[in-house]
Amino acid sequence: MKSTLFGILQRIGRSFMLPIALLPVAGLLLGIGASFTNQTTIHSYGLESVLGNGTVLHALLTVMKSAGSVVFSNLPVMFAIGVAMGMAKKEKEVAAISGAIGFFIMHATINALLDINGLLTPGALPDGALGMTLGINSLQMGVFGGVITGLGVAALHNRFYRIELPATFSFFGGTRFIPIISAITYLFVGILMFYIWPTLQNGILHLGGLVNSAGYAGTFIYGVIERALIPFGLHHVFYMPFWQTGLGGTEVIDGVTVSGAQNIFFAELASPNTKEFSVEATRFMAGKFPFYLFGIPGAALAIYHTARPEKRRLVLGLLLSATLTAVLTGITEPIEFSFLFAAPLLYVLHCLLAGLSFMLCHIFNVGVGQTFSGSLIDFILFGVLQGNTKSHWINAILIGIPLFPIYYFSFRFMITRFNFKTPGREDDNEETKLYTRQDLAARDQKNNTGGLNGDGLNISQTIIAGLGGAANISDVDCCATRLRITVLDENQVDDALLESSGAKGVIRKGKGVQVIYGPHVTLIKSNLQDCLESV
């Protein structure tokens, strides 16, 4: 039961990656556009002649702000499409269009029932219960509505995309049946949601109120759990409801009710009336910046200094590369996994310090939001460029500065005290689980050319063998750094063989297997899928 649930949650978390991948670009457009069209900013820096109303740059930046804003305004339908496509095993494009159809019909059905029952009139339902979704006045379901649609459509798709109908109706068989069954199903789901969603909506809002009422302790617990779920690939499942639903708070901005921490932040970012960002919203995001920008580099330096002298040069390359990746892009997995597998206790400490970072940012009113990750780019766009009065970004720096020595000395003490086999401290007969840039480039080139590893098998064949053969593989996909596979029999998986393919580590939970390679994992996934199709 637990293994099955883990496998499902792993695939759900993976399916979130596609719509989430839109957010950095959209946030970049919105952040730059909103920053430099804000009249206060223009007046403060005396830029009226360059960025004032009527200038070419003002028009361009206004278009950028609008282009970025539309993505955040329509995230629910993007999640409906992205989750349906991500959860589908085959014919993903059919699942994607079916997800959109199901989403439209569900909300159109809810709108019709609201109209029939006279609930569209002002005051008929509590404030925030209704909202515009793609021009449809419906119950405010947010991203939950998209996820519900995507999961249901994916289940229908995987069950029926090969269905054979009687000869008379054979034209509507196979993949053509999926949009039809999705439309019919989500008509009834819309009816069901009309009756049960208001209760769920109130429950979500009350749960959000409970989290908020926990104050700083609630923020600390949120930060610890968010980081603790990273190794299992389930962090998206945890934080997304806080970012995108009433669980993360609800506010009225320029007369519009907005739910979800990230939605609130970007609505405030786009509003010319915002004087100070809501810390009750950014408490679920701002805490990443101090330990991303200061804590993780401190941990990396401790790992480097405790490495054996003869191996320091070997580990320096990727420690530096992984740290820069974390700081500049917010992708922390390479550096976190460098000590997670060798010393899990260090990761426990890391989670506690991450929770502390979140709590301190809440205490000191840091109002810096983010798109996909707590990168330096997001920090500059949504903190520095907004001004300290609005975002209190300087407080994040002041929190981060002491985090660097705390990470460094605590990691260094624990590594030496408990003799943890962090990179560069392995025994002579063990491979150092870090590679230089040259090694990584050579391995990528070998993969691209179909080169052979030491066992005479190419990388894809090694992975297949390590997973128990092609017949044992049920589903293959990837996220930013990990190959994610669902197998039929977990007992046939060979961790050592998988690691021999160049993996940095293997995470197993029942039938869910995650093989960690790094940012080039998409190439490995494509090659693996091609190899499986040729078997």
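The report below goes through the model by region.

## Basis of the model

The structure is a predicted model, in which local features need pLDDT of at least 70 and side-chain atom pairs count only at pLDDT 80 or more, while totals for chains, interfaces and linings use all residues. Residues are numbered from 1 along each chain as its sequence is written, and side-chain values use heavy atoms, with hydrogens and water left out.

## Nonpolar cores

A nonpolar core is here a set of buried Ala, Val, Leu, Ile, Met, Phe, Trp, Tyr and Cys residues joined through side-chain atoms within 4.5 Å, where buried means under 20% relative accessible area, exposed means over 50%, and partly exposed lies in between (1.4 Å probe, protein chains only). The largest such core has 80 residues, and among these Tyr222, Phe242, Leu346 and Phe411 touch the most other members. Helix 14 (residues 288-306) supplies the largest share of this core, ten residues; helices (H or I, at least four residues) and strands (E, at least two) are DSSP runs numbered from the N terminus.

Apart from its neighbours within four places in sequence, Tyr222 is in contact with Phe238, Tyr239, Phe242, Trp243, Phe284 and Phe358, contact being defined as heavy atoms within 4.5 Å. A second, separate core holds 21 residues, including Ile459, Leu467, Ile473 and Ile485.

Two packed helices are described by the angle between their axes and the distance between the axes. Helix 6 (residues 75-87) packs on helix 7 (residues 92-116) at an angle of about 145 degrees, with the axes 7 Å apart; axes are lines fitted to C-alpha atoms, for helices over the stretch in contact, and angles run from 0 to 180 degrees between N-to-C directions. On the helix 6 side, the residues that meet helix 7 include Val77, Ala80, Ile81 and Ala84, and their counterparts in helix 7 include Ala96, Gly99, Ala100 and Phe103.

Helix 8 (residues 142-160) has 19 residues and should therefore span 27 Å at 1.5 Å a residue, which agrees with the 28 Å between its end C-alpha atoms; the expected span is 1.5 Å times one less than the number of residues. Its buried residues include Gly145, Gly146, Thr149, Gly150, Val153 and His157.

## The hairpin and positive phi values

Strand 3 (residues 250-253) and strand 4 (residues 256-259) pair in the antiparallel sense over four bridges, two strands being counted as paired if DSSP finds at least two bridges between them. Val252 has Thr257 in strand 4 as its bridge partner, and the two strands form a hairpin with two residues between them.

Asp254 lies in the loop between these strands and has a positive phi of about 55 degrees although it is not a glycine. Because its relative accessibility is 48%, Asp254 counts as partly exposed. His392, in the loop between helix 19 (388-391) and helix 20 (393-417), likewise is a residue other than glycine with a positive phi, near 55 degrees.

Helix 22 (residues 459-466) is mostly covered, with six of its eight residues buried, namely Ile459, Ser460, Thr462, Ile463, Ile464 and Gly466. Just after this helix, Gly468 takes a positive phi of about 90 degrees.

Four strands form an open sheet in the order 5-6-8-7, with antiparallel pairing. Strand 5 (473-478) and strand 7 (505-509) are the edge strands, each pairing on one side only, and the twist averages 15 degrees from one strand to the next. Strand 6 (residues 482-487) is joined to strand 8 (residues 512-516) by five bridges, and Ile485 stands opposite Val513 in strand 8.
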